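Me: I want to learn how to read charge pairs and surface patches in a model. Can you walk me through a case?

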Amino acid sequence: MLAKGRKTTGRGEAVPVNYAFGPHEDDIIIKHRLLTRTTTTRGEPPLKKLQKKFTSFVLEIEKDEDNFNDSAKLSKTFLQELSTFEIPLLKSKAVIDANIREKENFNELKEEINRQISQAQADIEDLKKQLEESKIERQHKEECEAIRKLIALQQPRSETQKIITDLEKEIAALEAENTAGSRLLELRKKQFALLLQVVDELQNTIVEEQKNLIEEMRMAEEQKSGLEDAFGGSEAMAID
(Lines give C-alpha, C1' and ligand atoms only; values in the text may rest on other atoms or scores of the structure.)
Protein backbone atom coordinates (compact mmCIF):
# COMPACT_ATOMS: atom_id res chain seq x y z
CA MET A 1 0.00 0.00 0.00
CA LEU A 2 1.27 3.48 -0.83
CA ALA A 3 0.79 6.53 1.41
CA LYS A 4 0.96 9.94 -0.19
CA GLY A 5 2.97 12.79 1.29
CA ARG A 6 4.93 15.86 0.29
CA LYS A 7 8.62 16.54 0.46
CA THR A 8 10.22 19.97 0.25
CA THR A 9 13.16 20.27 -2.10
CA GLY A 10 16.18 22.51 -1.68
CA ARG A 11 14.45 25.21 -3.70
CA GLY A 12 11.46 25.21 -1.36
CA GLU A 13 9.17 23.30 -3.74
CA ALA A 14 6.76 20.68 -2.38
CA VAL A 15 7.05 17.43 -4.26
CA PRO A 16 4.51 14.59 -3.75
CA VAL A 17 6.11 11.42 -2.37
CA ASN A 18 4.63 7.91 -2.09
CA TYR A 19 5.58 5.85 0.98
CA ALA A 20 5.28 2.06 0.78
CA PHE A 21 3.93 0.08 3.75
CA GLY A 22 4.18 -3.61 4.47
CA PRO A 23 1.20 -5.99 4.80
CA HIS A 24 1.02 -5.50 8.59
CA GLU A 25 0.95 -1.71 8.28
CA ASP A 26 -1.65 -1.98 5.52
CA ASP A 27 -3.94 -4.03 7.80
CA ILE A 28 -3.60 -1.46 10.60
CA ILE A 29 -4.35 1.46 8.27
CA ILE A 30 -7.37 -0.27 6.68
CA LYS A 31 -8.74 -1.23 10.10
CA HIS A 32 -8.33 2.34 11.34
CA ARG A 33 -10.08 3.77 8.27
CA LEU A 34 -12.95 1.34 8.61
CA LEU A 35 -13.41 2.26 12.28
CA THR A 36 -13.09 5.99 11.72
CA ARG A 37 -14.77 5.98 8.29
CA THR A 38 -11.72 7.86 7.04
CA THR A 39 -11.20 7.71 3.29
CA THR A 40 -8.53 8.94 0.99
CA THR A 41 -10.89 11.60 -0.37
CA ARG A 42 -10.52 15.21 0.71
CA GLY A 43 -12.69 16.60 3.44
CA GLU A 44 -13.19 16.19 7.13
CA PRO A 45 -13.40 12.56 8.35
CA PRO A 46 -16.96 11.47 9.23
CA LEU A 47 -16.03 10.38 12.74
CA LYS A 48 -14.46 13.74 13.46
CA LYS A 49 -17.54 15.52 12.13
CA LEU A 50 -19.73 13.34 14.35
CA GLN A 51 -17.50 14.07 17.32
CA LYS A 52 -17.84 17.81 16.70
CA LYS A 53 -21.63 17.56 16.44
CA PHE A 54 -21.79 15.59 19.67
CA THR A 55 -19.47 18.02 21.44
CA SER A 56 -21.56 20.99 20.30
CA PHE A 57 -24.73 19.27 21.46
CA VAL A 58 -23.27 18.44 24.90
CA LEU A 59 -21.88 21.95 25.38
CA GLU A 60 -25.25 23.47 24.48
CA ILE A 61 -27.05 21.23 26.97
CA GLU A 62 -24.63 22.06 29.78
CA LYS A 63 -25.39 25.79 29.43
CA ASP A 64 -27.65 27.26 32.12
CA GLU A 65 -29.55 29.41 29.68
CA ASP A 66 -32.96 28.54 28.31
CA ASN A 67 -31.76 27.18 24.96
CA PHE A 68 -34.20 24.36 24.28
CA ASN A 69 -34.62 25.23 20.60
CA ASP A 70 -30.88 25.35 20.01
CA SER A 71 -30.42 22.09 21.87
CA ALA A 72 -33.18 20.47 19.82
CA LYS A 73 -31.59 21.67 16.60
CA LEU A 74 -28.15 20.38 17.68
CA SER A 75 -29.70 17.10 18.80
CA LYS A 76 -31.43 16.70 15.45
CA THR A 77 -28.24 17.60 13.63
CA PHE A 78 -26.27 15.12 15.76
CA LEU A 79 -28.83 12.35 15.13
CA GLN A 80 -28.75 13.05 11.39
CA GLU A 81 -24.98 12.92 11.41
CA LEU A 82 -25.13 9.73 13.49
CA SER A 83 -27.52 8.18 10.95
CA THR A 84 -25.23 9.29 8.15
CA PHE A 85 -22.30 7.70 9.97
CA GLU A 86 -24.27 4.54 10.79
CA ILE A 87 -25.33 3.80 7.20
CA PRO A 88 -21.79 3.09 5.98
CA LEU A 89 -21.22 1.03 9.12
CA LEU A 90 -24.29 -1.06 8.31
CA LYS A 91 -23.05 -1.38 4.76
CA SER A 92 -19.63 -2.42 6.03
CA LYS A 93 -21.26 -4.93 8.39
CA ALA A 94 -23.29 -6.32 5.50
CA VAL A 95 -20.13 -6.55 3.42
CA ILE A 96 -18.31 -8.25 6.32
CA ASP A 97 -21.17 -10.71 6.82
CA ALA A 98 -21.20 -11.42 3.09
CA ASN A 99 -17.45 -11.91 3.16
CA ILE A 100 -17.79 -14.26 6.14
CA ARG A 101 -20.46 -16.25 4.33
CA GLU A 102 -18.32 -16.23 1.21
CA LYS A 103 -15.36 -17.40 3.26
CA GLU A 104 -17.43 -20.18 4.81
CA ASN A 105 -18.64 -21.18 1.35
CA PHE A 106 -15.07 -21.07 0.14
CA ASN A 107 -13.92 -23.24 3.07
CA GLU A 108 -16.73 -25.70 2.39
CA LEU A 109 -15.82 -25.71 -1.29
CA LYS A 110 -12.16 -26.16 -0.39
CA GLU A 111 -13.02 -29.08 1.91
CA GLU A 112 -15.17 -30.61 -0.82
CA ILE A 113 -12.37 -30.18 -3.36
CA ASN A 114 -9.87 -31.71 -0.92
CA ARG A 115 -12.27 -34.58 -0.29
CA GLN A 116 -12.68 -35.09 -4.03
CA ILE A 117 -8.91 -34.95 -4.47
CA SER A 118 -8.45 -37.55 -1.73
CA GLN A 119 -11.15 -39.69 -3.30
CA ALA A 120 -9.54 -39.29 -6.72
CA GLN A 121 -6.16 -40.29 -5.29
CA ALA A 122 -7.73 -43.32 -3.63
CA ASP A 123 -9.46 -44.20 -6.91
CA ILE A 124 -6.14 -43.83 -8.74
CA GLU A 125 -4.46 -46.20 -6.26
CA ASP A 126 -7.32 -48.70 -6.70
CA LEU A 127 -7.02 -48.42 -10.47
CA LYS A 128 -3.27 -48.97 -10.22
CA LYS A 129 -3.86 -52.12 -8.18
CA GLN A 130 -6.50 -53.28 -10.65
CA LEU A 131 -4.09 -52.58 -13.51
CA GLU A 132 -1.35 -54.64 -11.84
CA GLU A 133 -3.82 -57.46 -11.18
CA SER A 134 -4.98 -57.28 -14.80
CA LYS A 135 -1.37 -57.47 -16.00
CA ILE A 136 -0.71 -60.51 -13.81
CA GLU A 137 -3.96 -62.16 -14.95
CA ARG A 138 -3.09 -61.45 -18.59
CA GLN A 139 0.38 -62.91 -18.09
CA HIS A 140 -1.15 -66.05 -16.57
CA LYS A 141 -3.55 -66.33 -19.50
CA GLU A 142 -0.68 -65.97 -21.98
CA GLU A 143 1.31 -68.64 -20.14
CA CYS A 144 -1.71 -70.97 -20.10
CA GLU A 145 -2.24 -70.36 -23.82
CA ALA A 146 1.43 -71.16 -24.53
CA ILE A 147 1.14 -74.38 -22.49
CA ARG A 148 -2.08 -75.27 -24.31
CA LYS A 149 -0.34 -74.83 -27.67
CA LEU A 150 2.54 -77.03 -26.54
CA ILE A 151 0.09 -79.67 -25.40
CA ALA A 152 -1.74 -79.43 -28.72
CA LEU A 153 1.54 -80.11 -30.54
CA GLN A 154 2.06 -83.33 -28.59
CA GLN A 155 0.66 -86.73 -29.65
CA PRO A 156 -2.67 -87.92 -28.27
CA ARG A 157 -2.62 -89.67 -24.92
CA SER A 158 -3.65 -93.02 -26.45
CA GLU A 159 -0.70 -92.99 -28.84
CA THR A 160 1.66 -91.91 -26.07
CA GLN A 161 0.33 -94.72 -23.86
CA LYS A 162 0.80 -97.21 -26.70
CA ILE A 163 4.39 -96.06 -27.21
CA ILE A 164 5.01 -96.37 -23.46
CA THR A 165 3.52 -99.90 -23.46
CA ASP A 166 5.69 -100.91 -26.42
CA LEU A 167 8.76 -99.50 -24.75
CA GLU A 168 7.93 -101.35 -21.53
CA LYS A 169 7.56 -104.61 -23.50
CA GLU A 170 10.84 -103.95 -25.29
CA ILE A 171 12.54 -103.21 -21.98
CA ALA A 172 11.10 -106.43 -20.48
CA ALA A 173 12.36 -108.43 -23.49
CA LEU A 174 15.78 -106.86 -23.22
CA GLU A 175 15.85 -107.60 -19.50
CA ALA A 176 14.88 -111.22 -20.24
CA GLU A 177 17.60 -111.45 -22.86
CA ASN A 178 20.04 -109.91 -20.44
CA THR A 179 19.07 -112.44 -17.77
CA ALA A 180 19.42 -115.32 -20.22
CA GLY A 181 22.76 -113.96 -21.43
CA SER A 182 23.94 -113.61 -17.84
CA ARG A 183 22.95 -117.19 -17.07
CA LEU A 184 24.64 -118.45 -20.26
CA LEU A 185 27.76 -116.46 -19.47
CA GLU A 186 27.83 -117.88 -15.95
CA LEU A 187 27.43 -121.39 -17.39
CA ARG A 188 30.24 -120.75 -19.87
CA LYS A 189 32.43 -119.48 -17.05
CA LYS A 190 31.81 -122.63 -15.07
CA GLN A 191 32.44 -124.83 -18.13
CA PHE A 192 35.64 -122.95 -18.94
CA ALA A 193 36.82 -123.26 -15.35
CA LEU A 194 36.08 -126.99 -15.48
CA LEU A 195 37.92 -127.25 -18.78
CA LEU A 196 40.92 -125.45 -17.34
CA GLN A 197 40.87 -127.80 -14.39
CA VAL A 198 40.71 -130.83 -16.69
CA VAL A 199 43.54 -129.44 -18.84
CA ASP A 200 45.61 -128.83 -15.74
CA GLU A 201 44.97 -132.34 -14.47
CA LEU A 202 45.76 -133.73 -17.90
CA GLN A 203 49.02 -131.80 -18.03
CA ASN A 204 49.92 -133.09 -14.59
CA THR A 205 49.09 -136.67 -15.73
CA ILE A 206 51.21 -136.29 -18.90
CA VAL A 207 54.12 -134.92 -16.89
CA GLU A 208 53.80 -137.76 -14.41
CA GLU A 209 53.61 -140.33 -17.17
CA GLN A 210 56.62 -138.75 -18.87
CA LYS A 211 58.53 -139.01 -15.62
CA ASN A 212 57.47 -142.64 -15.19
CA LEU A 213 58.42 -143.40 -18.78
CA ILE A 214 61.83 -141.83 -18.33
CA GLU A 215 62.31 -143.77 -15.13
CA GLU A 216 61.32 -147.04 -16.81
CA MET A 217 63.66 -146.30 -19.71
CA ARG A 218 66.50 -145.61 -17.29
CA MET A 219 65.80 -148.77 -15.39
CA ALA A 220 65.67 -150.73 -18.66
CA GLU A 221 69.04 -149.26 -19.64
CA GLU A 222 70.47 -150.22 -16.33
CA GLN A 223 69.14 -153.76 -16.68
CA LYS A 224 70.53 -153.97 -20.19
CA SER A 225 73.92 -152.78 -19.04
CA GLY A 226 73.90 -155.38 -16.25
CA LEU A 227 73.03 -158.16 -18.64
CA GLU A 228 75.77 -157.08 -21.01
CA ASP A 229 78.25 -157.09 -18.20
CA ALA A 230 77.07 -160.52 -17.17
CA PHE A 231 77.32 -161.87 -20.68
CA GLY A 232 80.75 -160.38 -21.14
CA GLY A 233 82.15 -162.17 -18.03
CA SER A 234 80.77 -165.54 -19.12
CA GLU A 235 82.40 -165.27 -22.54
CA ALA A 236 85.76 -164.42 -20.94
CA MET A 237 85.55 -167.33 -18.68
CA ALA A 238 84.79 -169.63 -21.62
CA ILE A 239 87.79 -168.37 -23.56
CA ASP A 240 90.01 -169.00 -20.64
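Me: How many salt bridges does the structure hold?
Reply: Eight salt bridges in total. Keep in mind that this is a predicted model.

Me: What counts as one?
Reply: A side-chain nitrogen of Lys or Arg must lie within 4 Å of a carboxyl oxygen of Asp or Glu. Take Lys93 and Asp97: their side chains meet at 3.0 Å, N to O. That is a salt bridge, because the cut-off is 4 Å.

Me: Where do Lys93 and Asp97 sit relative to each other along the helix?
Reply: Both belong to helix α3, which spans residues 68-153. They are four residues apart, so about one helical turn separates them.

Me: Are Lys93 and Asp97 buried, partly exposed or exposed?
Reply: Lys93 is partly exposed, with a relative accessible area of 48%. Asp97 is partly exposed too, at 25%.

Me: Which residue pairs with Glu137 in a salt bridge?
Reply: Lys141 does, with an N to O distance of 3.8 Å. Glu137 and Lys141 also lie in helix α3, four residues apart, about one turn of the helix.

Me: How exposed are Glu137 and Lys141?
Reply: Read each residue on its own. Glu137 is partly exposed at 44% relative accessible area. Lys141 has 54% and is exposed, because the exposed class starts over 50%.

Me: What about Arg218 and Glu222 in helix α4?
Reply: Their side chains form a salt bridge at 2.4 Å, N to O. The two residues are four apart in helix α4, so about one helical turn lies between them. Arg218 counts as partly exposed at 39% relative accessibility. Glu222 is partly exposed as well, at 46%.

Me: Which residues are linked with Arg218 in a network of salt bridges?
Reply: Look past the single pair here. Glu215 and Glu222 are linked with Arg218 in that network.

Me: Now the nonpolar side. Which residues form a nonpolar patch on the surface?
Reply: Phe192, Leu195, Leu196 and Val199 form the patch. Together they have about 380 Å² of accessible area.

Me: What qualifies a residue for such a patch?
Reply: Over 30% relative accessible area and no salt bridge, with nonpolar side chains joined within 5 Å.

Me: Which helix holds Leu195?
Reply: Leu195 is found in helix α4, residues 157-239. Arg218 and Glu222 are in helix α4 too.

Notes. Residues are numbered from 1 along each chain as its sequence is written. This is a predicted model: local features need pLDDT of at least 70, side-chain atom pairs count only at pLDDT 80 or more; totals for chains, interfaces and linings use all residues. Side-chain values use heavy atoms; hydrogens and water are left out. Patches are made of residues with over 30% relative accessible area and no salt bridge: like charges are joined within 9 Å, nonpolar side chains (Val, Leu, Ile, Met, Phe, Trp, Tyr) within 5 Å. Accessible areas come from the Shrake-Rupley method with a 1.4 Å probe; for residues, only the protein chains shown count as cover. Buried means under 20% relative accessible area, exposed over 50%, partly exposed in between (1.4 Å probe, protein chains only).
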